[in-house]
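Trainee: Could we go through this structure together? I'd like to ask things as they come up.
Mentor: Of course, ask away.

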Amino acid sequence: MITVEGLAKQFSQGSGRQRRVVPAVQAVDFTARDACITGLLGPNGAGKTTTLRMIAGLLRPDAGRITVGGIDVALKPQAVQARLGVLSDARGLSPRLTARENIVYYGRLHGLDRDRAEARAEALAGVLEMAPLLDRRTEGFSQGERMKTALARALVHDPSHIVLDEPTNGLDVLATRSLRAALRRLRDEAGKCIVFSSHIMQEVERLCDHVVVVAGGRTVADGSVPALLAQTGQDDFEACFVQLAFGPTAVGGAA
Amino acid sequence: MQGAWQVFLKELRDALRDRRTLLMVLLSSVALGPLLLVALSVLVADFEARAEARTLYTVGLDGAPTLANYIARQAWTVHPAPEGHEQALVARQFEHPVLVVPPEFERDLADGIAPELLLLSSSANQRAEGSAGSVAALLQGFNQEQAGLRLALRGVAPQALQVLKVQRRDLGGSRAGAAQFMRLLPFFVLMAVLYGALHAALDTTAGERERGSLEPLLMTPQPRWALVLGKWGAVAAMGMGVAVLACAGFLPGQWLLRSEALAAMFQYGLRELGLFLAVLLPAAAALAALLMAVAIRSRSFKEAQAGTTVVVLGASLLPMLTSFNGGGEQPWHLWLPVLAQVTLMQRVLEGGALGAVDLLLPVVVAALLTAACLADVARQLRGAAWR
């Protein structure tokens with residue numbers, strides 16, 4: 001389980017007189033349960049990526065507390081990172097290594113021995129339907145092929161908690177469907193706790209068991225898709241999201 | 001330590017697979033020693049050949065049989081100067097000084113009037129200038145012979161005009177003489193080491209940041225120092241590999257020396273190779289760390305290239321301090337990285353004494369620089385991932 005309580009983070013931009021403080025996250029709270037896909041839904045600049053980076057231990061929050069599997073990220077970041085599989089916004093690969101070498105390298109960094117890391121790479125290639133890619137160098141990979149390799153790299157150590165930052169960005173419809181199927185399998189067969197950020201309504205509606213709506217750096221609503229629809233009195237999830245994120249007056253805008 | 005080792009292996013494999021860059025670095029480092037030695041030996045052999053050639057180009061020597069006789073007795077070969085030799089000398093197309101003898105030479109000589117000879121050369125024409133000295137010495141010999149004969153005819157001993165004798169002795173020794181020609185070698189070796197580490201340093205820091213693979217790396221449970229240590233190990237290994245190849249290249253390079261004198265003077269054996277490596281390997285480690293510390297601040301590979309130009313420029317200028325400063329080698333030279341290495345390698349080539357303190361001091365400075373730069377890279381690493 002991942003718990004996020006009263007999370008806040010601000011950045012300062014520029015220097016001297018030009019310096020200004022930008023609040024990226026102001027009050028984000030949510031709980032992501034095991035064997036459940038939790039969607040972090042919000043418009044661009046809502047603070048989703050910053051929140052996920054704080055969960056992954058990459059950024060230190062200014063306020064608030066995050067636990068992953070009961071471990072406080074601020075106190076034991078490395079213990080948390082060992083339990084987390086993160087597909088971040090930056091999903092670059094080493095272009096001169098093969099997909100297999102990229103995946104095994106991360107397995108080794110997570111403490112797996114060579115045989116175990118190789119076996120995991122093979123197993124994930126089966127799950128993510130990327131077996132023919134394994135022994136090709138990643139330079140020249142398509143967007144979808146790169147995403148699958150990066151996802152396999154994030155999951156190589158079989159983490160109990162998975163954090164995905166807009167994983168379908170740039171993917172075609174078949175690759176998106178394949179990814180959705182893989183995430184469902186991870187939830188249903190392995191009972192993983194999955195946090196998934198997106199600004200695509202259809203994706204969240206189809207995949208997430210629980211949705212956390214974030215706007216302006218704050219959690220503005222959370223619940224299942226039917227619960228959020230009932231809360232707003234809307235039939236359409238997009239209208240529901242617009243009402244929650246931008247207020248009831250925004251719903252009547254351009255559809 | 002296991003994490004640092006994994007990062008080291010991955011970065012080294014990555015760097016070795018960059019075939020085009022690797023080929024350029026290896027070719028330049030392996031070929032560096034032999035090429036430099038061949039170029040220097042061709043230059044020295046040419047100077048030697050000119051010194052031994054005793055060839056004189058003249059205009060109007062036919063009208064001066066006394067002078068022609070003296071020149072022939074000194075075993076010089078005389079050739080008529082080509083047409084347009086003045087322009088050719090200025091344009092460096094003709095590389096011999098030209099002696100112009102006036103038509104009235106013989107008559108003036110007989111009348112006791114000093115005939116005026118003209119020795120044509122050009123200060124921009126280095127080779128012609130080099131030979132002009134020996135032609136002037138030849139004419140001085142003729143001058144002395146004629147003066148001696150005239151004094152003897154008048155019953156005066158020629159020694160009466162010689163109140164002192166001058167003897168020249170070169171205290172530099174043969175190896176110091178060779179070092180004059182070899183002054184460039186340590187500098188080129190050090191620059192080869194710097195360029196050997198440069199690409200790997202940029203790729204493991206700014207390159208990783210640009211392609212977005214630094215952030216996932218920082219989300220593994222490896223401590224930052226392990227990541228930095230592994231990356232630095234790979235970059236330093238590239239620089240050290242180039243150092244070994246470039247220094248070892250001088251061993252077979254000696255066989256290509258065309259100048260016998262230079263071959264006799266340039267003594268480079270296993271001892272010299274060992275000393276060169278003892279000086280260069282710690283420097284390669286420090287330069288690798290310094291390049292990484294500069295590159296990690298850049299958002300892209302291109303930006304890092306511009307940043308590291310300052311390091312390359314600094315490394316190129318530091319050895320020149322001795323030329324600007326004068327006063328020869330100073331104790332503080334061994335405190336400055338790059339300058340210390342060039343100074344010590346120079347000393348090895350000159351056959352000078354090299355104490356343990358001389359070797360240890362630059363090693364300590366390199367170790368401190370390495371530690372400071374690596375600590376800085378580790379500090380910068382986390383912010384670099386998302387800035």
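Trainee: Is A:Gly42 buried or exposed?
Mentor: A:Gly42 counts as buried, because its relative accessibility is 0%. Buried means under 20% relative accessible area, exposed means over 50%, and partly exposed is in between, using a 1.4 Å probe and protein chains only. Keep in mind that this is a predicted model, where local features need pLDDT of at least 70, side-chain atom pairs count only at pLDDT 80 or more, and totals for chains, interfaces and linings use all residues. Residues are numbered from 1 along each chain as its sequence is written, chains are lettered from A and ligands numbered from 1 in the order in which they are written, and side-chain values use heavy atoms, leaving out hydrogens and water.

Trainee: Where is A:Gly42 in the chain?
Mentor: A:Gly42 sits in the loop between β3 (36–41) and α1 (48–55) of chain A. Helices (H or I, at least four residues) and strands (E, at least two) are DSSP runs, numbered from the N terminus.

Trainee: And what does A:Gly42 touch?
Mentor: Not counting residues up to four places away in sequence, A:Gly42 touches A:Lys48, A:Ser198, A:His199, A:Val214 and A:Phe241. Contact here means heavy atoms within 4.5 Å. Also, the C-alpha atoms of A:Gly42 and A:Val213 are separated by 5.7 Å, although these residues are 171 residues apart along the chain.

Trainee: How many residues of α1(A) are buried?
Mentor: In α1(A), 7 of its 8 residues are buried, so the helix is mostly covered. Among them are A:Lys48, A:Arg53 and A:Ile55. Just after α1(A), A:Gly57 has a positive phi of about 80 degrees.

Trainee: Which residues other than glycine have a positive phi?
Mentor: One of them is A:Asp158, with phi near 50 degrees. Another is A:Glu166, at about 45 degrees. For background, most residues other than glycine have a negative phi.

Trainee: Where are those two, and are they buried or partly exposed?
Mentor: A:Asp158 is in the loop between α5 (143–155) and β7 (161–165) of chain A, and counts as partly exposed at 38% relative accessibility. A:Glu166 is in the loop between β7 and α6 (173–190) of chain A, and is buried, with a relative accessible area of 12%.

Trainee: New topic: what is in the largest nonpolar core?
Mentor: That core has 154 residues, and those with the most contacts inside it include A:Ile2, A:Phe30 and A:Val211. The largest share, 15 residues, comes from helix α13 (residues 270–295) of chain B. A nonpolar core is a set of buried Ala, Val, Leu, Ile, Met, Phe, Trp, Tyr and Cys residues joined through side-chain atoms within 4.5 Å.

Trainee: What about a second core?
Mentor: A second, separate core has 15 residues, including B:Leu56 and B:Trp76.

Trainee: How many residues are in contact between chains A and B?
Mentor: 29 residues of chain A are in contact with 25 residues of chain B. The area buried between the chains is about 2,700 Å², with carbon and sulfur atoms giving 55%. Buried area is the accessible area (1.4 Å probe) that two parts lose on being put together, summed over both.

Trainee: How many salt bridges are there between the chains?
Mentor: There are 6 salt bridges between chain A and chain B, meaning a side-chain nitrogen of Lys or Arg within 4 Å of a carboxyl oxygen of Asp or Glu. A:Glu101 forms one with B:Arg17, where the closest N and O atoms are 2.6 Å apart.
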